[in-house]
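Visitor: I am new to this structure and would like to learn how to read some of its features. Could you take me through them slowly?

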Amino acid sequence: MPSDHDNMYASPLEDLNQFCFNSHVVNVFPDMIKRSVPGYATIVGMIGNLAERYAQADSNCYDLGCSLGAATLAMRHRITCNNCHIIGIDNSSAMIERCRCVIEADSGEVPVELICGDLQSLNIHNASVVVLNFTLQFLPPPERDLILARIYSGLLPGGVLILSEKVAFNEQPHHNLMIELHHNFKRAKGYSELEISQKRSALENVLIPETLEAHKIRLKNAGFSSSDVWFQCFNFASMIAIK
């Protein structure tokens with residue numbers, strides 16, 4: 001399904017509202033994510049690979065914060081075990097509405113259920129794979145421990161959580177370097193200085209990154225037996241945690 005070119009922040013905005021996943025973002029989201037997150041296509045592709053390895057027969061696979069269903073489709077086309085069911089949830093009605101169109105146009109055979117709602121209220125059960133692909137970073141930090149604890153509780157033994165996040169760094173010079181490298185990536189993708197600046201301001205206090213160490217501690221406290229990074233490019237990383 002074609003998407004529009006992302007020019008949401010190309011002109012000066014007097015009233016710069018906080019970033020939210022509304023219909024305007026939905027219309028440009030594929031272009032936005034491709035030009036904003038280094039390694040995004042690799043991460044999505046490998047989510048399918050990991051789902052193929054860890055999905056268990058007669059279980060559920062969850063895409064929490066599914067947006068337009070990229071991770072859902074990656075899992076759908078790689079899962080081969082019997083009687084798997086994919087559940088995607090997003091609190092943006094505009095995202096879910098477009099995602100339904102994407103899923104309906106897809107040829108995959110694994111059943112997909114889409115839910116419009118807050119993932120905090122979702123009952124996660126009988127899960128073999130759970131994906132949080134750049135989702136946890138948009139939740140208030142005090143709620144993150146509870147979400148991971150509920151995911152752990154709903155996972156089957158041997159089940160996995162795939163957690164992708166924008167990350168921060170403890171050492172300020174390194175933190176600043178990763179931000180600058182990320183901005184260089186966006187410049188190379190055609191974003192202007194104005195676009196980079198306005199988008200960063202709109203995301204302030206909406207997207208709150210944490211260090212990899214903080215994520216590892218949280219995953220350990222939730223009960224996961226092991227967790228580590230399997231992909232990283234600048235200040236974007238993806239982890240796998242095993243129950």
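This is a predicted model: local features need pLDDT of at least 70, side-chain atom pairs count only at pLDDT 80 or more; totals for chains, interfaces and linings use all residues.

Visitor: How many residues of strand E1 (residues 60–64) are buried?

Guide: Residues are numbered from 1 along each chain as its sequence is written, and side-chain values use heavy atoms, with hydrogens and water left out. Helices (H or I, at least four residues) and strands (E, at least two) are DSSP runs, numbered from the N terminus. Buried means under 20% relative accessible area, exposed means over 50%, and partly exposed lies in between (1.4 Å probe, protein chains only). In E1, 5 of its 5 residues are buried, with Asn 60, Tyr 62 and Leu 64 on one side and Cys 61 and Asp 63 on the other.

Visitor: In which sense do E1 and strand E2 (residues 85–90) pair?

Guide: Two strands pair if DSSP finds at least two bridges between them. Here E1 and E2 pair in the parallel sense over 5 bridges, and Leu 64 stands opposite Ile 89 in E2.

Visitor: At what angle do the axes of helix H1 (residues 23–36) and helix H4 (residues 93–104) cross?

Guide: Two packed helices are described by the angle between their axes and the distance between the axes. Axes are lines fitted to C-alpha atoms, for helices over the stretch in contact, and angles run from 0 to 180 degrees between N-to-C directions. The axes of H1 and H4 come within 8 Å and cross at roughly 45°. That makes H1 oblique to H4, since angles under 35 degrees count as roughly parallel, over 145 as roughly antiparallel, 65 to 115 as roughly perpendicular and the rest as oblique.

Visitor: Which residues of H1 and H4 meet?

Guide: Contact means heavy atoms within 4.5 Å. Ser 23, Val 25, Val 26, Asn 27 and Phe 29 in H1 meet Ala 94, Met 95 and Arg 98 in H4.

Visitor: What is phi of Phe 134, and where does Phe 134 lie?

Guide: Most residues other than glycine have a negative phi. Phi of Phe 134, however, is positive, near 60°, and Phe 134 lies in the loop between strand E4 (127–133) and helix H5 (141–154). Asn 205 also has a positive phi, of about 70°, although it is not a glycine.

Visitor: Is Asn 205 buried or exposed?

Guide: Asn 205, in the loop between H7 and strand E6 (210–211), is exposed, with a relative accessible area of 61%, whereas Phe 134 counts as buried at 8% relative accessibility.
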